[in-house]
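Subject: Structure handover

Hello,

Here is the structure we spoke about, with the sequence alongside. My notes follow below.

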Amino acid sequence: MNYTYFFRSALDTLRDSGNYRDFAELERHRGAFPAATCHNGPGKVTIWCSNDYLGMGQHPVVLDAMHEALDRTGAGAGGTRNISGTTRDHVLLEAELADLHGKEAALLFTSGYVSNWAALGTLASRIPGCIVLSDELNHASMIEGIRHSRAHKVIWKHNDVADLEAKLAALPANAPKLIAFESVYSMDGDIAPIAKICDLADRYNAMTYLDEVHAVGLYGPRGGGVAEREGLMDRLTVIEGTLGKAFGIMGGYIAASAELCDFVRSFASGFIFTTALPPAVAAGAVASIRHLKQSTTERAAQQARVAQVRARLDKIGLPHIDNLSHIIPVMVADPVKCKFISDTLLRDHGIYIQPINYPTVPAGTERLRITPSPVHSEADVERLVAALEELWTKCQLARRPMAAQ
């Protein structure tokens with residue numbers, strides 16, 4: 001086999017379809033985010049697709065905590081949590097996360113992907129006869145965890161509680177069941193009917209596993225997510241989250257009962273055999289969580305900026321998915337044009353928005369996923385909207401009916 005030819009042909013197919021992904025080499029500017037330098041592009045750019053939703057990756061309280069921990073402990077954790085990598089900073093962070101979600105305990109992982117893969121994979125494989133009911137739009141990390149478990153999987157229609165109930169009713173009453181779903185779905189920005197899903201879990205004696213990665217820090221009076229906002233945290237078996245989005249750091253976690261967290265800690269290979277996060281990262285996360293438990297300033301400013309961008313897009317008729325979250329998917333529905341718009345925004349306007357094409361979203365639903373933050377200015381918004389309007393006209397893309405002027 002000509003391996004080089006095989007690799008090249010596969011990549012050429014991606015390029016021809018408009019689905020090849022180029023990486024912008026970005027250097028964020030401390031204290032000036034969303035400003036960044038694109039080293040393999042036009043130089044200074046404004047980032048409009050970051051998952052650092054509140055700009056906490058630049059917040060002084062976070063940076064100060066990380067500097068202090070670095071000076072206090074050094075760079076790395078020194079090993080896996082089981083060997084020598086459990087530090088005081090990790091323990092404090094898990095306590096903060098448990099408190100955030102009103103749970104007895106929490107368990108820290110190196111990323112949100114790993115926490116889903118390890119926790120779901122461990123629970124579903126170790127509970128005898130467990131059946132996992134998975135929302136059809138669950139994140140790849142959840143899908144991989146369930147697949148890795150080799151448990152019986154039942155997929156239910158996205159956010160469709162009638163379909164979920166039909167699937168539950170068809171299963172043996174005494175079979176262990178785990179319902180896995182997300183609160184905010186990151187590509188469409190829609191929100192799950194958590195209370196109704198919990199009602200079904202109670203009725204059919206199922207556990208619940210809620211992925212809140214795109215909601216923690218952003219919703220609820222203390223940033224505990226959609227479940228906190230709706231007063232439902234106590235009804236969920238497992239709440240999974242990330243430190244790499246609204247909290248501005250990195251890492252993932254689950255929050256649950258002490259016994260469940262200890263069970264996953266004791267059996268999950270994705271926890272046991274990986275080096276622990278650096279203590280400075282854990283300390284920064286603690287500072288970010290504590291700040292957002294008490295401050296509503298960042299959440300309120302973000303919500304206002306999201307509303308402003310939506311209103312400006314409506315005024316010029318650009319199609320975007322209406323939802324109740326902070327995510328604005330602007331629909332292009334063509335992979336080549338989506339990449340062209342993204343490339344032109346970067347090259348000619350200094351605006352960075354990565355195109356979202358297949359396989360991240362279904363073919364024909366290509367989009368620009370815009371995430372306004374409290375650190376975007378009104379001038380940033382006007383530049384973004386003007387550039388999008390120009391490119392929409394150039395690409396001859398359909399518009400919504402214009403809002404009244």
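Predicted model: local features only at pLDDT ≥ 70, side-chain atom pairs only at ≥ 80, totals over all residues.

Seven strands make up an open sheet with mixed pairing, in the order β4-β10-β9-β8-β7-β5-β6. The edges are β4 (105-109) and β6 (152-156), each of which pairs on one side only. On average, neighbouring strands of this sheet are turned by 20 degrees against each other, with direction ignored. In general, strands of a sheet pair through backbone hydrogen bonds, either parallel or antiparallel. For β8 (residues 207-211) and β9 (residues 238-242) the arrangement is parallel, and 3 bridges join the two. Opposite L210 stands I239 in β9.

The cavity
How many cavities of 30 Å³ or more does the structure hold? There is 1, and about 80 Å³ of space lies in this largest cavity. The edge strand β4 returns here: β4 and α11 (269-272) each supply at least two residues of the lining. Among the lining residues are L108 and F109, as well as G270 and F271. R81, H90 and T110 also line the cavity, as do T274, T275, A276 and L277. By class, the lining has 5 nonpolar, 5 polar and 1 charged residues.

The second largest pocket
This pocket has a volume of about 280 Å³. Its lining consists of 19 residues, and those nearest the centre are D22, K339, D343, L346 and Q354. Which helix gives the most to that lining? Helix α14 (residues 335-349) does, with 5 residues. The lining residues of the pocket divide into 7 nonpolar, 7 polar and 5 charged.

If you set up calculations on either site, the two residue lists above are the place to start reading.

Regards

How values were computed:
Residues numbered from 1 in each chain as written. Heavy atoms only, no water. 1 Å grid on protein atoms, 1.4 Å probe; cavity = no way out; pocket = protein on both sides within 12 Å on 5 of 7 lines; lining within 4 Å. Points joined across faces, edges and corners; volume = space filled by probe spheres on them. Helix = DSSP H or I, 4+ residues; strand = E, 2+ residues; numbered from the N terminus. Nonpolar A, V, L, I, M, F, W, Y, C, P; charged D, E, K, R; others polar. Pairing = 2+ DSSP bridges. Axes fitted to C-alpha atoms, helices over the stretch in contact; angles between N-to-C directions.
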